[in-house]
Amino acid sequence: TNRTFTMIKPDAVADGFSGPIIQQIEAAGFKIIAIKKVHLSKEEAGKFYAIHAERPFYQSLCDYMSSGAIIPMVLEKDNAVEDFRKLIGSTNPEQAAEGTIRKQFARSLESNAIHGSDSDENAAIEAAFFFSEKELA
Ligand code: GTP
Ligand code: MG
């Protein structure tokens with residue numbers, strides 16, 4: 001068994017989709033290890049997405065991710081990282097498969113409802129950004 005990190009993003013929290021999204025995550029076999037609700041500053045969003053600092057959409061992404069509350073979570077399941085990215089679907093919801101979380105709940109390429117870590121290493125780094133060692137035990 002292993003872990004991934006996710007955040008329900010500001011569009012989906014504001015649209016009232018947190019409940020149905022969490023329901024689908026649990027129905028897919030993921031166990032919630034840690035969960036909270038936070039509103040990032042633009043500076044904090046910039047730190048989280050520092051890996052994208054050179055991308056043309058970086059400023060817009062940081063504005064969006066600090067525009068409202070988000071719900072970060074750490075999830076546990078066999079093959080967690082890969083299976084979770086399948087569950088959420090393609091970055092662009094217009095290209096996401098039927099039944100995926102982004103297809104159902106995202107507004108746009110940027111406001112795409114949910115994040116999923118892209119590797120075990122990044123999952124651990126991203127979890128530590130939001131949660132203490134004690135919260136992850
Ligand atoms: P995450 O799970 O959120 O990391 O998404 P991803 O791995 O599918 O995409 P990526 O890491 O490449 O991009 C991070 C986030 O930046 C995306 O989830 C979108 O919110 C946003 N994003 C990605 N590409 C674009 C783009 O071309 N334009 C804009 N405006 N936003 C983008
Ligand atoms: Mg990514």
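Visitor: Which residues surround ligand 1?

Guide: Ligand 1 is surrounded by F57, S60, L61, T91, L109, E110, N112, H115, G116 and D118; a residue is near a molecule if its C-beta atom, placed from the backbone, lies within 6 Å of it. This is a predicted model, in which local features need pLDDT of at least 70, side-chain atom pairs count only at pLDDT 80 or more, and totals for chains, interfaces and linings use all residues. Residues are numbered from 1 along each chain as its sequence is written, while chains are lettered from A and ligands numbered from 1 in the order in which they are written.

Visitor: How does that shell divide into nonpolar, polar and charged residues?

Guide: The shell around ligand 1 holds 3 nonpolar, 5 polar and 2 charged residues. Ala, Val, Leu, Ile, Met, Phe, Trp, Tyr, Cys and Pro count as nonpolar, Asp, Glu, Lys and Arg as charged, and the others, Gly among them, as polar.

Visitor: Turning to the fold, what is the pattern along the sequence?

Guide: The protein chain reads β-α-α-β-α-α-β-α-α-β-α, with 7 helices and 4 strands.

Visitor: What about the nonpolar core: which residues have the most contacts inside the largest one?

Guide: I21 and I114 have the most contacts inside the largest nonpolar core, which has 30 residues. Such a core is a set of buried Ala, Val, Leu, Ile, Met, Phe, Trp, Tyr and Cys residues joined through C-beta atoms within 7 Å. A residue is buried if 20 or more other C-beta atoms, placed from the backbone, lie within 10 Å of its own.

Visitor: And which helix gives the most to this core?

Guide: Helix 5 gives the most, with 5 residues.

Visitor: Which residues of helix 5 are buried?

Guide: The buried residues of helix 5 are A80, V81, F84, L87 and I88. Seen down the helix axis, they fall within an arc of 125 degrees, so they line one face of helix 5; the arc is that of the directions from the axis to the C-beta atoms.

Visitor: What covers them?

Guide: The cover includes strand 1, strand 3, helix 6, strand 4 and helix 7.

Visitor: What follows helix 5?

Guide: G89 follows helix 5, and its phi is positive, near 90 degrees.

Terms used: Helix = DSSP H or I, 4+ residues; strand = E, 2+ residues; numbered from the N terminus. Buried ≥ 20, exposed ≤ 12 C-beta atoms within 10 Å, placed from the backbone. Contact = placed C-beta atoms within 7 Å.
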